[in-house]
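Work through each task before reading its solution.

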2 protein chains.
Amino acid sequence: MADVARLAGVAISTVSRALANPGRVNEKTRLKIDAAAKQLGYTPNAMARNLRVGKSNIIMIILPGSLYYGVSQIIPQVLQSINKALIQNGYHLMIANLDRDEMSERHILDLAFSGTVRGAIILSSKLPEVDGRSLANAGLPIVSMLLDMSEAGLPSVVTNDREAVREVTAELIRLGHRRFLYIAGPEGNYHDVERYAGTLEALRAAGLTEESVTRSGGYLGYQQGFEIGVQAAADFARLADRPTAVIATSDDMAISFISRVQRMGLNVPGDLSVVSFDGSPVCAFSSPPLSTIEQPVDEMGQAAVDMLMERIDATDRDMATRHVIPSRLLRRESFAPASSNSG
Amino acid sequence: MADVARLAGVAISTVSRALANPGRVNEKTRLKIDAAAKQLGYTPNAMARNLRVGKSNIIMIILPGSLYYGVSQIIPQVLQSINKALIQNGYHLMIANLDRDEMSERHILDLAFSGTVRGAIILSSKLPEVDGRSLANAGLPIVSMLLDMSEAGLPSVVTNDREAVREVTAELIRLGHRRFLYIAGPEGNYHDVERYAGTLEALRAAGLTEESVTRSGGYLGYQQGFEIGVQAAADFARLADRPTAVIATSDDMAISFISRVQRMGLNVPGDLSVVSFDGSPVCAFSSPPLSTIEQPVDEMGQAAVDMLMERIDATDRDMATRHVIPSRLLRRESFAPASSNSG
DNA sequence: TTATTTTTGGCAATCGTTTGCCAATTGACT
DNA sequence: AGTCAATTGGCAAACGATTGCCAAAAATAA
């Protein structure tokens, strides 16, 4: 930095002012300094700056340890949109995986307490916590994404799981369907609760009872979506009074389910309508093209970052808010009126 | 830190020694200090330490801007394995996206030149470079992954693209296939070059000429895998003398291709064998289950980190090496002897 | 020209560690 | 008890920026 000052013919403090907060310095000298810096290939040392100002410019994203290896590309999309939004705000993105082991929790807490990161976006329902230290009281702004944790005090950005499923179920009812199969992810999980609630709401609104829906799954995680679908097909085959419509809570489930029931000789959507959740691009190319509820991942990422920036700037700790971004039904051929012989 | 020293009843320099390089301090006092630190909830400030020692403990991974949104979960797997390996070495993982725009390049270069990161793992074939500064001369250890860039001076860890495709092609030939369709990614891309070369090598070894393979695709990126497959199906339909075996260079291509040719009334593998590249889990659940060459992503990530650690510790700048990790053919039903009426 | 505002220079403290140095203390071993 | 090695204490200088302060200089206004 001294070199830059010398080359530009100004004082070292002026260089700092020009680079750190341009605006407190004359435009002409700022240009001179920029030119000198560029000529010398100088970039200010970020760690020294951060140390001095007492705040880092790194945000960490906490991913659930067991990533989802199915067809749905949620994680890369999230990372991409969050990273982009962060850069625009002058921040960098650091990754942390939250496994079930103590080591990963310790790692995350170190990141938080060592002052390495300035804030966090979390995609898991559990906050790291090990021997006394908890992420909750690290003094870090945190926002939750995908899962609504506003009741636990974390501002959250989510999609309208419940409403979306309610609407698509209502549409299926409108098409004449009266018996449903609901393929669940891990029981009690936020998404399962919301989505199943959405199904029930639609049924009730149409004067149907909970009897008209059969649940399958519930004991495996979303990572095992394919197995869940396979199992659901087996469950389905055993049912005396077979459903005519299937609501799968992930694309993986729907895909493996369909592949199995087709093998049983059933036609989709002739015999059976199927709709699922996630909006993976591959759904457009399965046979038949699969209707799916697309998660607005990009917008959610952007919103999460906006929310985090607000928290960082906020002086007062206000209430945890909840930001809902509507999802979108991608309607395709897997979806048809109930066949006459099954009403 | 002073507080910890006071509580533990030792000098501040002893605390530093105990925390920074345990081993230069007696075991008993180390325990005393650890206890005091834990009691006070103290974690050393990472930025101050890094500033002092003049090196960061952050590694950045440079992802191609246009991530792959198909069925193949390469990126999350890479991140997970790399992150895990890094943590074990005491490093953190930072993300950078390399888009085509200047802004993202500038961002990456800032990360490099500001001393924020200590090294980089790159998954793109082009090194960021903008107004004079280039990642190549940032003095950072870099390793390339997925793409072989050892000739450009970057140590690389890759899978055996060419050999794997050669072997699977040879196997198809053994099964009686004589006419092939090769579905390509972007022409000239490392993967395309290698995989196509593998195909040709197998053909030649069996005394067949280049005539026996028809190329489709080549003008779209891997992100457009589904479209490539659809187009390939159309190309296929127009061929007078139809191939009996298809080699797709990504699972996406194979999936959409199959969905289209099935719609044309063809049976896989009865009329047509298909094999593809990537090893996405969904392939086990498509109809028919899809044979695919699995990329050993976890091992590659681990190897990339090992290589990077070596580079960081290395005093002498030795030659760029190339580490090949073999892939594995997941053989499934999409794969069968050539039908008698087509030989 | 003078008065007033804006911009810069120079100094020094600060952020929280690490680390070299040497003296002082402790511990272990004859 | 005496010797030698291992460990610790205390001090101070770094690492590379930011920032408050005030005086000096420059630009602008009157």
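Two residues are in contact if their C-beta atoms, placed from the backbone, lie within 7 Å. The model is predicted.

**Exercise 1.** State which strands of chain B helix H11 of chain B lies across, and its angle to E6(B).

Solution. Helix H11 (residues 297–313) of chain B lies across E1, E3, E6 (142–145), E7 (156–159) and E13 of chain B. Relative to E6(B), the helix runs at about 165°.

**Exercise 2.** Give the strand order of the open sheet and find its edges.

Solution. Step 1: the order of the twelve strands is E13(A)-E7(A)-E6(A)-E3(A)-E1(A)-E2(A)-E2(B)-E1(B)-E3(B)-E6(B)-E7(B)-E13(B), with mixed pairing. Step 2: E13 (322–325) of chain A and E13 (322–325) of chain B each pair on one side only, so they are the edge strands. Step 3: from one strand to the next, the twist averages 25°.

**Exercise 3.** Describe the side of chain A that touches chain B.

Solution. Step 1: 47 residues of chain A contact 47 residues of chain B. Step 2: H5(A) gives the most to this side of chain A, six residues. Step 3: by class, the side has 22 nonpolar, 21 polar and four charged residues.

**Exercise 4.** Characterise the surface near DNA strand C.

Solution. Step 2: eleven are nonpolar, nine polar and four charged.

Definitions and conventions: Residues are numbered from 1 along each chain as its sequence is written. Chains are lettered from A and ligands numbered from 1 in the order in which they are written. This is a predicted model: local features need pLDDT of at least 70, side-chain atom pairs count only at pLDDT 80 or more; totals for chains, interfaces and linings use all residues. A residue is near a molecule or strand if its C-beta atom, placed from the backbone, lies within 6 Å of it. Ala, Val, Leu, Ile, Met, Phe, Trp, Tyr, Cys and Pro count as nonpolar, Asp, Glu, Lys and Arg as charged, and the others, Gly among them, as polar. Two strands pair if DSSP finds at least two bridges between them. Helices (H or I, at least four residues) and strands (E, at least two) are DSSP runs, numbered from the N terminus. Axes are lines fitted to C-alpha atoms, for helices over the stretch in contact, and angles run from 0 to 180 degrees between N-to-C directions.
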